[in-house]
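Thanks for making time, everyone.

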Amino acid sequence: MKRGRGWRKIFKSLAIGCGSLAVLFAAFVIWVGIDIYRATRPLELSDHHPFRSAAKKERYLAHYDARAERWPVESEALRVDTSWGQTFIRVSGPNDAPPLVLLPGANATSLLWETNIEAFSRQYRVYAVDNIFDFGRSVYVRDFKTPADFVSWLDELFDALGLEKTHLAGLSYGGWIASEYTLVHPDRIEKLVLIAPAATVLQFSVDFMKKGILCIIPLKHFVNNMMRWALADAVKGTEEHRRMAEEAAENAWLGIRCFKPKQMVAPRILSDEELQRLAPPTLFLVGENEVIYAGTGGDAIERLNSVAPQIATELLPDCGHDLTLVQADLLNRLTLVFLSPDPESIDFSNPN
């Protein structure tokens with residue numbers, strides 16, 4: 001009899017445990033379903049848009065502004081209106097210097113360029129943008145549904161800034177946007193710098209897609225896991241690199257929790273013919289340990305060298321998707337030499 005009661009207790013405990021897991025799983029499914037519904041329903045503007053609530057807006061902007069205080073050079077804030085909404089831009093560098101527009105990656109902001117702005121702003125009037133359909137201080141009033149929507153927004157932005165022609169650089173998702181814009185408006189781009197652009201050259205890796213999908217689950221663990229994987233060289237690097245990687249993960253998590261969910265436009269791979277049509281002088285920078293591609297950084301360069309040899313390429317050592325952090329000095333130098341009409345005149349005596 002005692003043995004029978006013991007088995008019943010075990011079965012009861014297992015049943016309770018399995019039932020609890022099922023309830024948790026159902027809760028996750030419902031939570032994810034709600035966020036997907038919110039991301040696909042018609043756009044609703046409110047006093048706290050694009051945030052989930054007024055409290056979330058206050059929390060995020062307080063964190064954002066605290067980070068902005070570390071911006072290492074003098075800057076001014078611009079809020080530029082377009083038909084797509086208001087774009088926030090952090091402007092640094094001499095008024096009479098040639099313009100350089102910087103587009104950050106997905107789930108990032110203009111503050112991503114903290115390790116690069118000091119070098120860039122010595123030579124250029126730098127416009128570091130908070131992408132309008134993403135985290136930061138920009139506020140969209142229309143949903144972005146196609147690559148053409150980003151092209152339209154960026155064209156209006158350049159018009160509003162009075163930039164008839166500019167240098168353009170983008171990291172990851174921002175690099176993909178920059179490539180799409182340049183295909184349509186090559187006459188407005190002086191030179192183009194693509195820094196590990198999302199898709200564009202190679203398809204995404206399976207691991208990247210799996211980890212990205214898991215970030216839909218509202219647990220900080222999955223976001224941290226994704227960011228530490230993507231920024232692996234920073235995580236195992238110096239104390240300062242580890243700090244920046246941890247901060248990037250925290251920023252991404254806070255943005256996910258504070259902003260309304262939205263359906264992002266999937267970046268695409270450019271065809272051979274499209275890559276050949278990137279008419280302005282173009283530089284492609286990628287880390288040798290890049291993980292977002294179904295292939296290595298070297299594979300991406302191999303494709304470009306084969307189908308679009310007019311594109312200059314550089315493989316940066318000991319870094320992956322964290323190349324702007326781990327190899328900031330080298331990336332800054334390569335970018336400035338490429339952009340300059342007179343590379344020998346560049347002053348590198350005060351590196352970042």
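Let me begin with a term: angles under 35 degrees count as roughly parallel, over 145 as roughly antiparallel, 65 to 115 as roughly perpendicular, and the rest as oblique. Angles run from 0 to 180 degrees between N-to-C directions, and axes are lines fitted to C-alpha atoms, for helices over the stretch in contact. What you see is a predicted model, in which local features need pLDDT of at least 70 and side-chain atom pairs count only at pLDDT 80 or more, while totals for chains, interfaces and linings use all residues. Residues are numbered from 1 along each chain as its sequence is written, and side-chain values use heavy atoms, with hydrogens and water left out.

Helix α2, residues 54-68, packs against helix α9, residues 239-258, at about 155 degrees, with the axes 9 Å apart. The two, α2 and α9, are therefore roughly antiparallel to each other. In their contact (heavy atoms within 4.5 Å), α2 contributes Lys56, Arg59, Tyr60, His63 and Arg67, while the residues from α9 include Glu247, Glu250 and Leu254. Sorted by class, this contact of α2 with α9 holds 6 charged, 3 polar and 3 nonpolar residues.

Turning to the other pair, the axes of helix α6, residues 206-214, and helix α7, residues 220-230, come within 8 Å and cross at roughly 155 degrees. That makes α6 roughly antiparallel to α7. Here Asp207, Phe208, Lys211, Gly212 and Leu214 of α6 meet Phe222, Asn225, Met226 and Trp229 of α7.

Terms used: Helix = DSSP H or I, 4+ residues; strand = E, 2+ residues; numbered from the N terminus. Nonpolar A, V, L, I, M, F, W, Y, C, P; charged D, E, K, R; others polar.
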